[in-house]
Amino acid sequence: MTEPGGERPIADLEGRVSRLADFLAHLAMGDLGAPWTPTEREDPLAEIEVAAELLRGDLAVSQRELRESEARYRELVERLPAVVYTAVLDEDVSTTYVSPGVLPLAGYTPEEWLADPALWAKLLHPEDRDRTLAAFRQLGVGDTISIEYRLVARDGTVRWFRDDATVSGGEDGGPGQIRGVLVEITETKALQAALERARDGLERRVHERTADLRAANAAFAAAEERYRTLVEQLPAITYLDEIDPASPVGIRPIFISPQVETILGYAPDELLARPERWDELRHPDDRAAALARDLAHYASGEPLSQRHRMVARDGRVVWVQDEGVFLRDKRGRPRYSQGVVFDITDRVRAEEARRAAEQRYRTLVEQLPGITYIDEIEADGTARFVYVSPQARDLLGYEPAELVARPELWDEVIHPDDRGRARSMYERGRALGQPPPEEYRLITRDGRLRWFHDEPRFLPDVSGTPRLVHGVLFDVTHLKAAEEEARHLNVELERRVEERTAALGASEARWRTLVENMPEYVWTIDREGRIRYLNRATPSFGVDELTGVNLLDLVPEEARRGLAALRDRVFAGGETATWELSRPRPDGATAWYESHVAPIRAEGAEIAEAIVVTSDVTERKRVEEDLRAARDEAELANRAKSEMLSRMSHELRTPMNAILGFGQLLELSTLAPADRESVEQIMRAGRRLLDLINRALDITRLDSGRLSLSIEPVEVEEVVREVADLVRPNAMVRGVTLQTEEAERCGCFVLADQERLKTVLLNLLSNAVRFNHQGGSATVTCEEVPDDRLRIAVADTGPGIAAERLPDLFTPFQPRGPAIGSDEGAGVGLALARRLAEAMGGSIGVESEVGRGSVFHVELPLAEDPLARARPESGPGGPVGPRRVVLYIEDDLVNVRLVQRLVARRPDVRVDMATTGRMGLDLAASRRPDLIVLDLGLPDMRGEEVLATLRADPATAAIPVIVASSDPAAGQEEVLRAAGARAFLGKPFEVDAFLELLDELLPREAAT
C-alpha cells in the first residue's frame, strides 16, 4: 500500500508512527526534554499532523482499492453457475431440477432434492424463511430476483447463499417456471463482517486500523484463492478478458481456467501467450461468424451467447456454448469480459440423434393405415393442428397443409351433429387424465360421410401440463356398417327397456307388473353382487333358487375377475356397463347372453343396488356369424374372379394376336388403296380393342391385388420422350401442338414401374390431344413439390370440364366427356391411371375450368440415386447357311400360322410346331432345333415347367428359347431370364421385333 502519490510505503509510515508514539510516551511521563530523534529542527506536532494525514490518505486508498477488488471478484463469482436449478413458482417453490454442485454446498444429493420438491423451503433459516418465500411468491412472469438468505446444511451448519433467478411463463396459465443460479457467499459474508469490524477499529486506534487492514487483505487473498479453486473445478472453461482496443481481437486474456486442457488439450499458458490462438482453434467453417459475434459483443457491451465448433489438439471436433458478460467500471464502461465455455458435444449429438429418430418416426407414421395428427393446445383451451399425416389426402380428400393452415376447416369437416362431442373431448380428457377414445363422422371433400375412431393422448410439458395431443384417426366406416347391421336387431329391445325404466318411478306396482311381463331377464343385485330380485322370465340357469346367489357364481371362472371389476365400477363410480357371456343349454347348444347393468340411485344416498337386464342374443350372434361367412364367401368369389381373369387374358389376347399379326402381314403386302384403308381400319380397331382389354384387366388386377409392379428409379426425360413419340402422329392429324421440351430437360428420376408410368402418361397425353381443338396445344411440365415428390403435369387447351363432373372422372366407365371430332372412349383410362399411380406410391389429380382447358398431374416420389439400367446390345444378323429350324410350341393354330408366315420372310428358316408341352419336349430332344419359341399358356403343362425341363436335359440345354405370353406381368421377364430364357415377347407380336430376335438368336449355320 502506498500514498496517493505513490512515494511512501506503509513501512515508512509505520516508522514515523512508532517514533511519534515514543515521543508521546515520554511527554506523558512528564519528560519534557525528551529528544526528537528524526531531526532536531522538526516540530513534533507538525510531524504528528503529517503522519496523521498520511495515515488517512493510505487508509482511504486502501479502502477504495479493497472495495474495487471486492466488487470485481464478487461479481465474477456471483455470475459463475455454481449451482443451477429450476423450480415451479408454487406455495413451496418446489424444485424440479438441481445441478450436482449442490452436494458440497448443502450436503444433499440432487436425487434427495428432487425426491422432496419442498426441501429448499424446509432448509431456509427460520429468520429468513418468511422473508424469502414472500419475495418469491410476489414474482410474476418476466420478473428477476437477486436475494441473499441462509440455509441450514445437512451437518447443521448455517451457510449464506446468493440466489439470482428469472421467472418464465407457465403453460396454460399455470405457475411460473423459475431458473436460477445459487452461489455460496458464507465466506463473503464473513469477510464483510471482518471489514466492518476493521473499519470500526480504525476509528479508534491507528495501529489497530493497520493490523485490521492487513488481516482483511489476508482474508481477501484467501477468499480469492478459494474462489479461484472453485472456478477451476467447474466442469467448464471459465475465462476473464480485459478490453484492449489495441489488440487485433479487441481483448487481452488475463485468465483461463485449467479445464481448457481437459476439453481442448491446450494448457492455459499457451492461450494466454497468444490471444489470437483461441480464434485459430475454432472450426474453419464457424470461425468468421464466431469472430463477428465476438466483435459485436465487445463493441455493444451486450451479453454474448453463441454455439460453434472448435478443433482440439488431437483433432477432435468439439461443440461449445460460449456465454459471456461484461464487468464495468464505476462509469459504466466495459472493462472486463467474463464468461464460461461449456462442452456441449454430447448434447449436439443427442439433438442429431433426436432428429434422426423423428425422421424414422415420420416415416413410420406415414405408413400407418390411419391419419396421424399432432394438436397444440392454446392458452384458451382450443387446439390446432401442427401436423397431419399424408393419409388425410386419401381418406378425406384434403391436403395435410390445408388442415394445418386453416384451423377452422376441421370444424367444417366434422359432421354438425358430432362437433360438440368432438370439441369437448379434450375437456373430458383433462378431467380423466387422458382424453377418452371417441368416434365421430367426417365429411370428405367430395361430400361423403365416413366414420373415424379417434385415439388421442396428451403429451405434457416439464410441468406436467398437457401441451400437445398426439392421436390417430382410424377409418371405421365399414365397422360401423357392420355394427349397424347387428345393432338393428337389438334396437327394439333397448327402446322397450328404456320405456320400462322410465316408468319405474310411477309406482312400484306398475314397475313390478311391467318387469314381470318383460321378455328380457331382469334382476337386481347388491354391492356384493348377490341377486335380490328376478323377474319371471329369468331362467334358472340350473340353480333351484337364484335369489341370494352371487352373480359371479353363474359365470365361468375365467370371466369372474372382469365381471367383478365391472360391478365395482357400477357401484363406485355410478357407471353403466355391458357384458356378454355364453352358457351351455340343456340340448348341448351354446346360448349367448348380453347384459346391461345400471346403478339404482336414491336421492342423497350411496348406490346400494343395480338393475341388470339380460337378453338372449344367440340369434344375433348367429346373424353375425352368417355375415362373416358371407364375407368369406365374397372373398372366395373374388379369388375365383381373379382366376377367371387370368384365363380370360389368355383367351382374349390369343385371337387378338392372330388379328393384329395377320393385319401386319397385310400391311407389308401390296394392296389396292381401298384394301389398304380397310387393313388400316382393322389394325386401328384391333389395337384399340387390345388397349381396352389391357386397361380393363389391369384395373381388375389392381382391385384383386394380382398386378405386380417393379418399382425402381425411372428417368422421367426418357419416359416423356417415348410417350410423346407415340402420341405425336395423332396430334399432327388433329392439328394439336405437343410441347414437351421442358419435361424432356427435367433430369429427374422417380420411383416407379417404368412401363406403368408410360401407361399413365400415355393416357393423360392422349386425352390432352383427343379432348382438344384444332390449333390447340398439349404441354408436359415437371416440378418438384414438397415431401420429395415430382409433379408431372399435362395441360391442354380444350373445352374444360364442369366442376360437378370432376369427382367422377377417375371412376371406371365414366368417360371424361365428348371428344372433339371423335368418340369419347370407354372411360377406363383415367381410372387405370389413378390406380396405377397410387399403386406406385403416388397420386393423380386434376384442375379444370370450362372454356380454358384442363391440367392433369401425377405426383411420384423422387429418387436421389437412380441405378443405371443395363441396355443389352442387339443387332440383326443375316441368315447364313441352309435350313435352320425353329420349333414353335403353341396350342393355338392361328398363332402358329402367323409365325409360319413371319418366318417365311427368312427362306433359310423352317418352322416346326408342337401343340402341347410334352410334344414340344419330345421334338426338341429328337430334332435338336436351332431355336425354340415357347408359349406359356399350354393345355397340358405350364410353360415354366417346359423351360425348366429343356434346361435340365443336356441334349436341349444349349438351345436358345424365346418365351411368349399374352399376359405378361411385371418382373416376369427377369424371372424367366433367370430360369434360362434368352428373350421374352409379349403377344401380339411386333413383326420387326420378332424378326430381329430370329436374326440375333439363330446360329449362322444350321445345327448338325
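## Asp-787

Asp-787 is exposed, at a relative accessible area of 58%. Exposed means over 50% relative accessible area, buried under 20%, and partly exposed in between (1.4 Å probe, protein chains only). The residue sits in the loop between β24 (777-785) and β25 (789-796). Helices (H or I, at least four residues) and strands (E, at least two) are DSSP runs, numbered from the N terminus.

Phi of Asp-787 is positive, near 65°, and the residue is not a glycine. Most residues other than glycine have a negative phi.

## Basis of the model

This model is predicted: local features need pLDDT of at least 70, side-chain atom pairs count only at pLDDT 80 or more, and totals for chains, interfaces and linings use all residues. Residues are numbered from 1 along each chain as its sequence is written, and side-chain values use heavy atoms, with hydrogens and water left out.

## Arg-928

Arg-928 also has a positive phi, about 50°, without being a glycine. Its place is the loop between α29 (917-927) and β30 (931-935). Arg-928 is partly exposed, with a relative accessible area of 42%.

## The whole protein

The protein has 32 helices and 32 strands. Of its 1008 residues, 42% are buried.

The accessible surface comes to about 52,600 Å². Carbon and sulfur atoms hold 53% of that surface. Accessible areas come from the Shrake-Rupley method with a 1.4 Å probe; for residues, only the protein chains shown count as cover.
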